[in-house]
Amino acid sequence: MKISKIIKQIPYLIFVLFIISCASKKQVTAEDILVKEETKSIPKSKIIFLNYLLVKNAQGEKSITLINQIKTEGKLKGKPKNIANTSSGDLEYILLDKDYNSIEKHALKNPLKKTVEFVNDFGNFEKRTLDLDRVEFTIRIQLPPEAKHMKITELTNASSKEHIITKID
């Protein structure tokens with residue numbers, strides 16, 4: 001009678017031995033712990049979205065105000081493209097460090113000039129450039145850890161006009 005109970009328990013015993021044999025036998029070394037600590041201390045890449053409102057008044061003067069800024073973890077697939085031939089009215093944005101030294105500089109086509117395509121009465125595509133009085137635009141950029149401010153200037157024929165310096169939170 002005792003032997004029949006033992007025979008009934010054998011499948012359970014085999015199952016337990018199988019589970020134990022599958023357990024990991026890897027030794028944790030001091031180097032493994034060091035690598036884990038280093039990966040914790042590496043700052044994660046961040047992307048920042050800065051949303052602005054650009055308004056042109058009746059005299060043609062422009063003003064830029066910050067709507068909001070959004071920071072998120074991530075990495076951009078590519079860098080912002082610099083405009084090879086800038087013209088009057090285009091914007092230049094510069095990332096600055098805590099001492100207001102330039103880190104990166106990029107250009108942005110004039111957001112108040114929008115080119116739209118449409119189909120005319122004859123069924124042909126046409127392009128037209130619209131001059132807007134107000135527009136919202138977004139600057140999306142990979143955020144270097146040392147960046148603390150963003151400066152936006154307008155490029156004009158004579159020089160450049162500084163519009164806004166945004167503190168990056």
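In what order do the elements of the protein run from the N terminus on? They run α-α-β-β-β-β-β-β-β-β-β. That makes two helices and nine strands. Helices (H or I, at least four residues) and strands (E, at least two) are DSSP runs, numbered from the N terminus. This is a predicted model, in which local features need pLDDT of at least 70, side-chain atom pairs count only at pLDDT 80 or more, and totals for chains, interfaces and linings use all residues. Residues are numbered from 1 along each chain as its sequence is written, and side-chain values use heavy atoms, with hydrogens and water left out.

**Overall figures**

- The protein has 169 residues, and 27% of them are buried. Buried means under 20% relative accessible area, exposed means over 50%, and partly exposed lies in between (1.4 Å probe, protein chains only).
- Among contacts with a separation of 6 or more, 56% join residues 24 or more positions apart. Contact means heavy atoms within 4.5 Å.

- Two strands pair if DSSP finds at least two bridges between them.
- Axes are lines fitted to C-alpha atoms, for helices over the stretch in contact, and angles run from 0 to 180 degrees between N-to-C directions.
- Strand β1 (residues 46–56) pairs with β7 over 10 bridges, in the antiparallel sense. Tyr-52 has Phe-137 as its bridge partner in β7.

**Asn-51 in β1**

- Asn-51 belongs to strand β1. Its relative accessibility is 16%, so Asn-51 counts as buried.
- Its side chain makes a polar contact with the side chain of Asn-68, at 2.5 Å. A polar contact is a pair of N or O atoms within 3.5 Å; within protein, one must be able to donate a hydrogen and the other to accept it, and residues adjacent in sequence count only if both atoms are side-chain atoms.
- Not counting residues up to four places away in sequence, Asn-51 touches Thr-65, Leu-66, Ile-67, Asn-68, Ile-70, Phe-137 and Thr-138.

**Four-stranded sheet**

- A second open sheet has four strands, ordered β4-β3-β8-β9, again with antiparallel pairing.
- β4 and β9 (160–167) are its edge strands, and each pairs on one side only.
- Neighbouring strands here are turned by 20° against each other on average, direction ignored.
- β3 and β4 run antiparallel and are joined by six bridges. Leu-96 has Ser-102 as its bridge partner in β4.
- Tyr-100 sits in the loop between β3 and β4 (102–108). Its phi is near 65°, a positive value in a residue other than glycine. Most residues other than glycine have a negative phi.
- Tyr-100 has 47% relative accessibility, so it counts as partly exposed.

- Strand β5 (residues 113–119) pairs with strand β6 (residues 125–131) over seven bridges, in the antiparallel sense.
- Glu-117 stands opposite Lys-127 in β6.
- Five residues lie between the strands of this hairpin, where Gly-123 takes a positive phi near 85°.

**Nonpolar core**

- The largest nonpolar core has 19 residues. Such a core is a set of buried Ala, Val, Leu, Ile, Met, Phe, Trp, Tyr and Cys residues joined through side-chain atoms within 4.5 Å.
- Tyr-52, Ile-64, Phe-137, Ile-139, Met-150 and Ile-152 have the most contacts inside this core.
- β1, β3 (91–96), β7 and β8 (149–155) each supply at least two of its residues. β7 gives the most, with five.
- Ile-152 lies in β8. At 1% relative accessibility, Ile-152 counts as buried.
- Beyond four places in sequence, the contacts of Ile-152 include Tyr-52, Ile-64, Tyr-93, Ile-139 and Ile-164.
- Ile-152 and Thr-166 are 14 residues apart along the chain, and their C-alpha atoms are separated by 8.4 Å.
- Leaving out residues up to four places away in sequence, Met-150 touches residues including Leu-50, Tyr-52, Tyr-93, Ile-139, Ile-141 and Ile-168.
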